[in-house]
Amino acid sequence: MSSRTCIAVDSTCDLPAKFIQQHNIEVLPIYINHSKGQEMDYRDPQTMLNFYKNHSRAVYGLAQSDPLSVNDMTEILKERLLPKYDLVQVVTINSKKSDVFKRVSEAALVNEPKFREMERSEGRAPFRIRLYDSMSMFTGHALLVYELVKRIHVDKLPLNKSIREIDNMRDQVYGYLIPNDLSYMRERRHLRKGDNNISWINFKLASALNLRPIVQLHRGATDKIDTGKGFLGALEKLFVHVKKQIKQGLTSEVIAMSYGGLLEEIKDEPVLVEFREFCKQHNIKTMLSMMSMTGAINVGPKSFALSFATDKNLV
């Protein structure tokens, strides 16, 4: 891939900071509006550390995320992307769950005449923006971008062919989420786009029994598939489920995971350490990153997300 071509993602894409830096991935920020004002989520490691260290429900409990406006996106195009690139391949969060795809598309359309005028007046190469809807969220989004990068940089495939290959994989991605604070989810149910799956009765029962739901996200649908006793109990159940899928074969060499908090809180948990060792023994790589600030305000801090890809029926 030419140095004048880049991959861009919105900040909800739960890729480790090191991976983003190594592969020159551009991050499109998202606004977070909370009780004390507004801040930007752009996956800056220090900003994320500060967010998780200082998170409080009083400030962020009813916070809302908002994609860049068309004007904001125009400014990023002008100041950051146009000077460095001729082609920007944007991979976005599920367009049914967020307006990121829509806003970037609108900005590209509005600025199209300006791009063409620059080509004529400055004699520069054509500038193009291509959009791809991951139809996934958080770690599922990250898994597809990982596979896209692998095809470009390792397999040395052209960008167009690489996109076609991850398009074939898109419906194979299974995402999972374990929310850790059900009351947080309950209070925010009216703010979540296209998702209101936790009833009051189920919430009361789950809270009384200290249960945590395991939520599956696949092809844009969201369903609760199981529950576990406490957060670690749910995590253990999820890993048992994923191990079964690993044994029968995955279509991606990586499992992407993210945690809505400081990674030191979870990385040495025996259940996670054992799972990562199991993956290693089966030649599956694992990525663990901090969940985006946007993800955390929507599903609650200390939540856990995981995604894999398979073309087989789940067992």
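Reader: What relative accessibility does M135 have?
Author: This is a predicted model, in which local features need pLDDT of at least 70 and side-chain atom pairs count only at pLDDT 80 or more, while totals for chains, interfaces and linings use all residues. Residues are numbered from 1 along each chain as its sequence is written, and side-chain values use heavy atoms, with hydrogens and water left out. Buried means under 20% relative accessible area, exposed over 50% and partly exposed in between, with a 1.4 Å probe and protein chains only. M135 counts as partly exposed because its relative accessibility is 23%.

Reader: What is the phi of M135?
Author: Most residues other than glycine have a negative phi. M135 is found in the loop between β7 and α6 (139–153); helices (H or I, at least four residues) and strands (E, at least two) are DSSP runs, numbered from the N terminus. Although M135 is not a glycine, its phi is positive, at about 55°.

Reader: Which residue in the hairpin of β9 and β10 takes a positive phi?
Author: Strand β9 (residues 211–218) and strand β10 (residues 221–229) run antiparallel and are joined by 8 bridges, where two strands pair if DSSP finds at least two bridges between them. L217 stands opposite T222 in β10. The hairpin has 2 residues between the strands, and the one with a positive phi near 50° is R219.

Reader: Is R219 buried or exposed?
Author: R219 lies in the loop between β9 and β10. Its relative accessibility is 56%, so R219 counts as exposed.

Reader: What is the strand order of the open sheet of 4 strands?
Author: β1 (residues 5–10) and β6 pair in the parallel sense over 5 bridges, and β1 pairs with β2 in the parallel sense over 3 bridges. β6 and strand β7 (residues 128–133) also pair in the parallel sense, over 6 bridges. The pairing in this open sheet is parallel, and the order is β2-β1-β6-β7.

Reader: How many residues of strand β6 are buried?
Author: L87, Q89 and V91 point one way from β6, and V88, V90 and T92 point the other way. Strand β6 (residues 87–92) is largely enclosed by the rest of the structure because the number of its residues that are buried is 6 of the 6.

Reader: At what angle to β7 does helix α7 run?
Author: Axes are lines fitted to C-alpha atoms, for helices over the stretch in contact, and angles run from 0 to 180 degrees between N-to-C directions. Helix α7 (residues 159–170) lies across β1, β6 and β7, and contact means heavy atoms within 4.5 Å. The angle of α7 to β7 is about 15°.

Reader: Which strands stand at the edges of the open sheet of 3 strands?
Author: This sheet has antiparallel pairing in the order β4-β3-β5. Strand β3 (residues 30–34) pairs with β5 over 4 bridges, and I32 stands opposite S65 in β5. Each edge strand pairs on one side only, and the two are β4 (37–41) and β5 (64–67).

Reader: How far apart are the axes of helix α10 and helix α11?
Author: Two packed helices are described by the angle between their axes and the distance between the axes. Helix α10 (residues 230–248) and helix α11 (residues 270–281) pack at about 5°, which makes α10 roughly parallel to α11; angles under 35 degrees count as roughly parallel, over 145 as roughly antiparallel, 65 to 115 as roughly perpendicular and the rest as oblique. The distance between the two axes is 10 Å.

Reader: How many nonpolar residues does the contact of α10 with α11 have?
Author: Residues of α10 including L235, F239 and V242 meet residues of α11, among them L272, F275 and F278. Ala, Val, Leu, Ile, Met, Phe, Trp, Tyr, Cys and Pro count as nonpolar, Asp, Glu, Lys and Arg as charged, and the others, Gly among them, as polar. The contact has no polar residues, 4 charged ones, and a nonpolar count of 10.

Reader: Which residue's backbone oxygen does the side chain of Q245 reach?
Author: Q245 is in helix α10 and counts as buried because its relative accessibility is 0%. A polar contact is a pair of N or O atoms within 3.5 Å; within protein, one must be able to donate a hydrogen and the other to accept it, and residues adjacent in sequence count only if both atoms are side-chain atoms. At 2.8 Å, the side chain of Q245 reaches the backbone oxygen of V315.
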